[in-house]
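Please keep the structure in view while reading.

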Amino acid sequence: MKLIYLIICFSLTTATVFSQNDSFIPGKQWKDTNGVHINAHGGGVTFVDGVYYWYGEYKTAGRGGNTSLQGVSCYSSKDLYNWTNEGIVLRVETNPNSEITKGCIIERPKVVFNKKTGKYVMWFHLELKGQGYDAAKAAVAVSDNPRGPFVFKKSYRPNKGVWPMNFEDRFKSALIGENKLKSWTPEWLTAVKNGMLVRRDFEKGQMSRDMTVYVDDNDKGYLIHASEDNLTLHISELTDDYLDFTEKWTRVAPAGHNEAPAIFKKDGIYYMITSGCTGWDPNEARSFSSKSIWGPWESLGNPCVGKGAELTFHSQSTYILPVQGKKDQFIFMADRWKPDNPIDGSYVWLPIKFDKEKPVLNWFESWSLDVF
């Protein structure tokens, strides 16, 4: 009897230890309330009735761990420090004909709530099984509950047969000899900037790889996604139900080679933090600002300062999290990728500070919400 009592006490003590984080420790193992490292990579967070929900890619061990063998995971928290595993909320399918069959690639899931329909809408980057990164699709799923389950609806190549806003008529036709230009030459980059890859994908729809979703103050939703072979970011307006596109879209930093977009708004100004394109390896972050979601977007340079700034502290942006109850305070969410064993990937969360009208990211070995 005494032994049973001791086991129960030990179990309760262990559970309590795991659920009493009171700070963020960027880049280190982050255990959930069960004592297991959080498995929600490339994720985003939504806030519902006093609870934060963190959705992310569920990774597995080994070189194949970046394919989706389970689906999208979800964790819940009331304080942002301690997270409870809610399980797999969008599960891959066993049907080999499904677009989200086991072994496909699901990346960067983001969930937003639609006030008109009462649905939780998840967008993610989808690559079809066995096709590498050629499909470059945006996919959507819905649920009645933030804890899921989410039901896969459809995938898109966005803006099929639609020109971007303010796209000059002279760029709607192919330029003589553009298909013979050598990649990465100044002439080729100019052709990309002038819409060569937009024209290439006009009939089948534009590419959508690294992405995020943003809902503005007026409840308009937008998909921000890396397109044109990751050379140009696209901002595409969503329909009122957030399940399709309105055909209003624009390009950001054409031929700038940006991915991993994360966006937020402060004092009426839109800010975006992105990364360069170096595969799984970290690189120097970029930042932009605009007075309109449609641009023009002004380059603000690298938001990171201090040691490790040139590699974004060995991480890559995924989402900007508004802190509830802290007006105009935001957390930069990023991932440290581990391509050899993806399940070991860790998270870098840092507070966003401002120098005039420019976001600034400083490194902290440990920090809490008190910094706000």
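About 860 Å³ of space lies in the largest pocket. The model is predicted: local features need pLDDT of at least 70, side-chain atom pairs count only at pLDDT 80 or more, and totals for chains, interfaces and linings use all residues. Residues are numbered from 1 along each chain as its sequence is written, and side-chain values use heavy atoms, with hydrogens and water left out.

**Pockets**

The search runs on a 1 Å grid over the protein atoms alone. A pocket is an open set of points with protein on both sides within 12 Å along at least five of seven lines. A cavity is a set of points where a 1.4 Å probe fits but cannot get out. Lining residues have an atom within 4 Å of a point. Grid points are joined across faces, edges and corners, and a volume is the space filled by probe spheres set on the points.

The largest pocket is lined by 32 residues. Nearest its centre lie Tyr214, Val215, Tyr319, Pro322 and Gln324. Strands S1 (41-48), S5, S9 (211-215), S13 (259-266) and S17 (316-322) each give two or more residues to this lining. Strands here are DSSP runs (E, at least two residues), numbered from the N terminus.

The second largest pocket is lined by 15 residues. Glu107, Tyr133, Asp210, Glu259 and Gly279 lie nearest its centre.

**Cavities**

There are three cavities of 30 Å³ or more. The largest cavity is lined by 16 residues, with Ser275, Pro282, Asn283, Ser315 and Gln316 nearest its centre. Strand S14 (269-275) and S17 each give two or more residues to the lining of the largest cavity. S14 gives the most, with three residues.

The second largest cavity is lined by Glu57, Tyr58, Lys59, Gly65, Asn66, Thr67, Ser68, Gly71 and Ile106.

The table sets volumes beside lining classes. Ala, Val, Leu, Ile, Met, Phe, Trp, Tyr, Cys and Pro count as nonpolar, Asp, Glu, Lys and Arg as charged, and the others, Gly among them, as polar.

| Space | Volume | Lining by class |
|---|---|---|
| Largest pocket | about 860 Å³ | 19 nonpolar, five polar, eight charged residues |
| Second largest pocket | about 280 Å³ | four nonpolar, four polar, seven charged residues |
| Largest cavity | about 70 Å³ | six nonpolar, nine polar, one charged residues |
| Second largest cavity | about 40 Å³ | two nonpolar, five polar, two charged residues |

**Sheets**

Two strands pair if DSSP finds at least two bridges between them.

An open sheet of four strands runs S5-S6-S7-S8, with antiparallel pairing. Its edge strands are S5 (105-114) and S8 (151-156), and each pairs on one side only. The twist averages 25° from one strand to the next. Axes are lines fitted to C-alpha atoms, for helices over the stretch in contact, and angles run from 0 to 180 degrees between N-to-C directions. S5 and S6 (residues 119-127) pair in the antiparallel sense over eight bridges. Isoleucine 105 has glutamate 127 as its bridge partner in S6.

Another open sheet of four strands has the order S17-S18-S19-S20, with antiparallel pairing. S17 and S20 (358-361) stand at the edges with a single partner strand each, so one side of each is left without a neighbour in the sheet. Neighbouring strands of this sheet are turned by 35° against each other on average, direction ignored. S17 and S18 (residues 330-336) pair in the antiparallel sense over six bridges. Leucine 321 has isoleucine 331 as its bridge partner in S18.
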